[in-house]
Amino acid sequence: MTPQATSSMSGQVALVTGAGQGVGEAIASRLADAGADLALVDLRADTVRAVATRIAAETGRDVRHYAADVRDREALASVVKDAETMTGRLDVLVNNAGMWISGRFLESSPADWQTQLDVNLGGVLHLCHLVVPGMTRHSYGRVVNVISDSARVGEPGVSVYAAAKAAVAGFSRVLAKEVGKHGVTVNCVSLSTTVTPGAHETFTEEQLERMPKFYPVRRLGRPEDAAAAVAYFAGRDAEWVTGQTLSVNGGYATL
């Protein structure tokens, strides 16, 4: 940790969803290292509590944790209300929570579609609707939405997940134009295959070992790769960058 990194987000509060493991945990750690206090949200109470405890012990930051489903607007409203008491405002919102149901579209069900849309798109809409008004009142805010390159390249087996992530990208571009005059930026970080507990649940070890040959840099993503991109968008240096999508994908897709 460098002195510059320690102070760059000092005094700010960042709310991160899906923070109980993998990419979300890495993002939370990176922002705390940069000096931010944290409000961490995850569906699983035990994992998000463990992450919050670790980060607080390692960084000395104020880290609160909440077990909440991003589909539950009432629960999210309670989280936002409590998190805003830390300093009176939320400076950074990172919508990282997500899920997918693998399988061919023609073999899926409307219930499967709705679950994926509610988590991957609905959760982003709810939290932006709850958090961004406070950012506009204070004339400062950073919104970073984590999406997927599956929405760009059309990965088989994740049709509705890809559709939801594409919708988040479009929504982010529009919101960026609506709130930019208030000092609020909205950007996306788009990921390809990243080695997380979720990846190990989706792919076999043999599949994960074969995948790097499809990437120009010859490795899969790490949670820290995503966290570095999110930290840039979440920081003050990205003041003139909004409505953008940055792919963190090892060169898998280049358009």
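Q: What makes Cys188 count as buried?
A: Buried means under 20% relative accessible area, exposed over 50%, and partly exposed in between, using a 1.4 Å probe and protein chains only. Cys188 comes in at 1%, so buried it is. Keep in mind that this is a predicted model, where local features need pLDDT of at least 70, side-chain atom pairs count only at pLDDT 80 or more, and totals for chains, interfaces and linings use all residues. Residues are numbered from 1 along each chain as its sequence is written, and side-chain values use heavy atoms, with hydrogens and water left out.

Q: Is Cys128 buried or exposed, and how do you know?
A: Its relative accessibility is 4%, so Cys128 counts as buried.

Q: Why is Leu106 called exposed?
A: Leu106 has 77% relative accessibility, so the exposed label applies. You'll find Leu106 in the loop between strand S4 (92-95) and helix H5 (110-138).

Q: What makes Ala50 partly exposed?
A: Its relative accessible area is 46%, which means Ala50 gets the in-between label. Ala50 belongs to helix H3 (residues 45-59), and its C-alpha atom is 26 Å from that of Leu220, 170 residues apart along the chain.

Technical notes. Helix = DSSP H or I, 4+ residues; strand = E, 2+ residues; numbered from the N terminus.
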